[in-house]
Amino acid sequence: MLALVALAAAPVAARAGTPLSVAAAASLRGAAEELARAFEAARPGARVALSFGASGTFFAQLQNGARFDVFLSADREYPDRLVAGGLAAAADERVYALGTLVVWLPPGSPVDIAGKGLAALASPCVKRIAIANPAVAPFGRAAEAALRRAGVHEAVKDRLVLGTSVGQAAHFASTGAADAALLPRSLTGEGELAHGTVVPLSPALAPPIEQSALVLSGAREPALARAFLAFLAGDRARAILARYGYRLP
Amino acid sequence: MDVQALLLSLQLAGLTTLVLLALGLPLAWWLASSRFRLKFLVEAVVALPLVLPPTVLGFYLLAVLGPRTPAGRAWEAVFGHPFPFSFGGLLAASVLYSLPFAVQPFAAALAGVDRRLVEAAHTLGASRLGAFVRVMLPLAWPGVLAGAVLSFAHTLGEFGVVLMVGGNIPGRTRTVSVAIFDQVEALEYAAAARTAGLLLAISFSVLALVYAVQRPGVLRWNGR
């Protein structure tokens, strides 16, 4: 029993020192992990602890006193509202990337988005379309807006299944549970999703979303957090973000 | 307040309870009377949903019954729609998830019935089914009611499995617990408080009713 307790405590003891706690939008999953590793490599001794979720979920948690050092949102609205609410200084907000929404189709899908546009989603062979919950996810809102702009929202709204974040929407898509998904491009190059078809949307339907990073005023490691934001603007970080399909500010 | 979600949850809980009565009573009867050597394995499987996190159940359901699997295609052939994101899918998930809450009280109540009374029924010419329906069920009635109400209440409070396989579709898979989760995440605390308060009141009333009728003498008409 004692040995078990010692075993359980060991990893914690071995990792002494406060990590930089980063709340990252679920659309950043692969990119943020690479960014964290690159930051740790560039600053020996620094450690980054990532949490992923819908930006709106983190926004709510931060409003309720969650102690994160950095918030990497999938939009600018949530960080702006945190600044307006006094939870961060305006000088500590920085746009780090522009995210784009794409349509993801499973391998062998007969849906012809490239030819017919989003109207193809109204075809009867599309039973379920996965998007992130628009109430909490910027890319969920972007998906709903794109469907409205294309004039197909009414036709397909009963087929929409909402993930708690883009992460769950991607999971619904990759298991085949959904016949199509509207996802951030950054997620579509990874794992199972890499086997599917990605169809870009015109900027008129889905304008790129400015995403900003924020150092929170309650940060335990404000200096390290600001260093992380500066790192995001550097060449190494920009190269990683570009590889995940982000456009850069 | 999300009335549609509340009605959906009540409907889901009611149907789950009916299915569990239909499937759980025979299973409990078998568990209570069988001398099968490997019965303990079946008992362990029935109890699994008590200890497994809903995420595990949800993950396996999607992995096994997803539209690309043979089981998933069979589901679609029988029910006409894919398993995930459907009310029927939620119903199946809820039946699995609440199985021990029905079967365990059922089996305990049936096992508690005096064997001599059942044997007496047999000597008087009752068939096995006849003795079960006319002797065992009336005697085990409080336990059966407890199992049914627990299944109902447990399904009403189900969250993780619904979140994993439901897809949050209003009117079809957005149950009251998911609606509250949504409202909290969207910072609509007033709406969440109203929905949560009503769910609390319903759950408390249901449980209070069960414990009230389980008091000695309330429902025992055999006069033991």
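Modeller: Two strands pair if DSSP finds at least two bridges between them; strands (E, at least two residues) and helices (H or I, at least four) are DSSP runs, numbered from the N terminus. This is a predicted model: local features need pLDDT of at least 70, side-chain atom pairs count only at pLDDT 80 or more, and totals for chains, interfaces and linings use all residues. Residues are numbered from 1 along each chain as its sequence is written, while chains are lettered from A and ligands numbered from 1 in the order in which they are written.

Colleague: Which residue in S3(A) is the bridge partner of Ala24(A)?

Modeller: In chain A, S1 (residues 20-25) and S3 (residues 70-72) pair in the parallel sense over three bridges. Ala24(A) has as its bridge partner Leu72(A).

Colleague: Which strands stand at the edges of the sheet in chain A?

Modeller: The open sheet has five strands with mixed pairing, ordered S2-S1-S3-S10-S4. An edge strand has a single partner strand, so one side of it is left without a neighbour in the sheet. In chain A, this holds for S2 (48-53) and S4 (88-99).

Colleague: Are H6(B) and H7(B) roughly parallel or roughly antiparallel?

Modeller: The axes (lines fitted to C-alpha atoms over the stretch in contact, with angles from 0 to 180 degrees between N-to-C directions) of H6 (residues 115-123) and H7 (residues 128-156) in chain B come within 10 Å and cross at roughly 160°. Angles under 35 degrees count as roughly parallel, over 145 as roughly antiparallel. H6(B) and H7(B) are therefore roughly antiparallel.

Conventions:
Angles under 35 degrees count as roughly parallel, over 145 as roughly antiparallel, 65 to 115 as roughly perpendicular and the rest as oblique.
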